[in-house]
Amino acid sequence: MGAIGCRELPIPEHMDIYHLTREIEASDMSALQAVVSCDEEIVKLEKEAEILAAQDDGGGEALDRVYERLEAIDASTAEKRAAEILFGLGFNKQMQAQKTRDFSGGWRMRIALARALFMNPTILLLDEPTNHLDLEACVWLEETLKKFDRILVVISHSQDFLNGVCTNIIHMQNRKLKLYTGNYDQYVQTRCELEENQMKQYRWEQEQIASMKEYIARFGHGSAKLARQAQSKEKTLAKMERGGLTEKVVRDKILVFRFTNVVKLPPPVLQFVEVTFGYTPENVLYKKLDFGVDLDSRIALVGPNGAGKSTLLKLMTGELAPLDGMVRRHNHLRIAQFHQHLAENLDLDMSALQYMMKEYPGNEEERMRAAVGKFGLSGKAQVMPMRNLSDGQRSRVIFAWLAYRQPQLLLLDEPTNHLDIETIDSLAEALNEWDGGLVLVSHDFRLINQVAHEIWVCENQAVTRWEGDIMDFKERLRSKAGLSV
C-alpha cells in the first residue's frame, strides 16, 4: 500500500493518488475547513491549465483532464459536499464548526477520511478505514464506497465491510499476490475450491513420483528391457520436475484463543437499579436504567458515538459511579474489561513475559509463558520489548492478561481493531465455547452476529432491547441514513 502511495510502482502521472495514513493535524481550523482546504489543488490546477492552454496544440487531452478535475472539486459546491461527508461520518453542524484541536485522535482520523473522500482521487488507498467508526458511520462509509467509481484499494479486517464494498480480492501469501474476483465470501469459497483441487493434484503427482522412483530403484539395474523402462520413467520424472510440480497447499496459521470456564454465580450478578448518570448533572447520558446482566448474557451494545456505550461499561465495572440509583455487583463477581487504551498503557520497554510477571507476581515463569502462549505469542515474541511487537500482537498480550484473571464477565470495547480476519474468527469461537457472561461494543457486524444473543440500543438516555438480529439493525441504519436498497 505504501509503495503504491509513494509511486514506487509505475503509475501514470495523470492518475492522482491519495493514501490515507494519519489523522488530520490538530489546529485552529474547523473540521469543515480542514476538509475543504484542498484549495491548494485548485490553485495548482488553474496554473496548470494556463500553461497547457498556452501550448501550440492548446493543451489537448491533458487540458481536458485538468478541467474535468476542476469540475470534480467544484469550489462552489465544495462546502456543501464536505458538510455532507462529515455528517455521514458522524459530525453534526456544531461539531463541523469545532476546531480540529478539540477532537480526539479517533475523530481527527474521521476528518482525514472525510478529506480523502472529498478529494475524490483517481486512486484511493485506505488502511483499516472502519477502525475509528461506529456502526452508523460504517454503514454510511460502506454505501459511499460501493458507489465510488474510481480505483479503491482497501485493507480491512471487517468481513462484512469487504463483502459490501469489494469486487476483487488480492490475497498475499509467501510474498506472492493472487487475484480473485468477487467479494470476501466469494474469495473464501473460490480459494477453498482451488486449494482442494491443488491438494488432489499434489497427492496424485506425489503418488506417481513415488511409484516411478520405486520402479527405478528396483529395476534400474535389471534386465535390458526393464532397465530401458526404468530409464524412460526417469525421463518422465525429469520432465515432470522441469514443468514444475504442484506445490503443497500452505494453510494460513490459525490462532486458537482460549478462555478458562468459570465458576457459576447465582443471578443476578450485575444489576442496575434506577441508574441515572451524566458527566455533569446538566448533561445526563442515562436516565433511570433498570436491567440485569447474568453469566449467560451475551449482549452487544449498539448506538451512535457519544451515546455512552463505553460509559455504560465503566458503570458496570465501578470505574464510574451513578449520579442516582445504584449498580449492584455480586460479591464474588470477577469482571475483566478490554478497551483500546489498555495497549496504550503498556510499558513498551518490557517484554510480554515481564509484563505478565509484574501483573501477576508470585507465579513461576513457565506458567506465564503458557498464559501468553494461549493467545498465539510464542518464543522470541514473548521476550522481546513490546515496542517491537505489532499492534495485533500487543492486543494478544492484553487478551492473555485478561484471560489470566479468569473473569466471569467479559466487557469487550472494540476488541477487533488490530486483529486480522482469522484472529477475529478464532476470538469469536473462543467466546462461544466459553461459559461466562459477555457485553460487547464493536463496529464489526460479523463478530456481533457470531457471538451476541441480544442487541441493546443505547440512545436518547435509555437502553432498549432490539427485537431483531444485528443484520436487521444494519438495515435500519441504512434506511435511517436514506441509503436503503
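1. Basis. The model is predicted: local features need pLDDT of at least 70, side-chain atom pairs count only at pLDDT 80 or more, and totals for chains, interfaces and linings use all residues. Residues are numbered from 1 along each chain as its sequence is written, and side-chain values use heavy atoms, with hydrogens and water left out.

2. Overall make-up. The chain has 20 helices and 14 strands; helices (H or I, at least four residues) and strands (E, at least two) are DSSP runs, numbered from the N terminus. Along the principal axes, the C-alpha atoms fill a box of roughly 100 × 80 × 45 Å.

3. Burial and surface. Of the 485 residues, 46% count as buried. Buried means under 20% relative accessible area, exposed means over 50%, and partly exposed is in between (1.4 Å probe, protein chains only). The accessible surface of the chain comes to about 26000 Å², and 50% of this belongs to carbon and sulfur atoms. Accessible areas come from the Shrake-Rupley method with a 1.4 Å probe, and for residues only the protein chains shown count as cover.

4. Contacts along the sequence. Among the contacts in the chain with a separation of 6 or more, 68% are between residues 24 or more positions apart. Contact means heavy atoms within 4.5 Å.

5. Backbone points to check. The peptide bond from P267 to P268 is cis, with omega near -10°. P268 is placed in the loop between α11 (224-242) and β6 (270-280). Two residues other than glycine have a positive phi: E128, at about 50°, and N174, near 50°. E128 lies in the loop between β2 (123-127) and α8 (135-146), and its relative accessible area of 18% makes E128 buried. N174 lies in the loop between β4 (168-173) and β5 (176-181).

6. The chain has 59 positive and 71 negative charges, and their mean positions are 7 Å apart. Lys and Arg count as positive and Asp and Glu as negative, while His and the chain ends are not counted. The place of a charge is taken as NZ of Lys, CZ of Arg, CG of Asp or CD of Glu.

7. Negative patch. E61, D64, E68 and E71 form a negative surface patch. Patches are made of residues with over 30% relative accessible area and no salt bridge, with like charges joined within 9 Å and nonpolar side chains (Val, Leu, Ile, Met, Phe, Trp, Tyr) within 5 Å. E61 lies in helix α4 (residues 60-72) and counts as exposed because its relative accessibility is 62%.

8. Salt bridges in general. Side chains of opposite charge can pair when their charged atoms come close. A search of the whole structure finds 22 salt bridges, each being a side-chain nitrogen of Lys or Arg within 4 Å of a carboxyl oxygen of Asp or Glu.

9. A pair between loops. The closest N and O atoms of the salt bridge between K99 and D28 are 4.0 Å apart. The pair links distant parts of the chain, 71 residues apart: K99 is in the loop between α6 (93-97) and α7 (105-119), and D28 is in the loop between β1 (17-20) and α2 (31-36). K99 is partly exposed, at 38% relative accessible area.

10. Pairs within a helix. K146 and E143 form a salt bridge with their closest N and O atoms 3.2 Å apart. These two are three residues apart in helix α8, so about one helical turn separates them. K146 is partly exposed at 38% relative accessibility, whereas E143 is buried at 7%. In helix α17 (residues 391-404), R394 and D391 are also three residues apart, about one turn of the helix. Their salt bridge has its closest N and O atoms 3.8 Å apart. R394 counts as buried at 15% relative accessibility, and D391 is partly exposed at 40%.

11. A network. K146 and E143 also belong to a network of salt bridges, together with E142, D160, K474, E475 and R478.

12. Residue Q271. Q271 is found in strand β6 and counts as partly exposed, at 27% relative accessibility. Leaving aside residues up to four places away in sequence, Q271 touches F291, G292, M326, V327 and R328. Q271 and Q173 are 98 residues apart along the chain, and their C-alpha atoms are separated by 49 Å.
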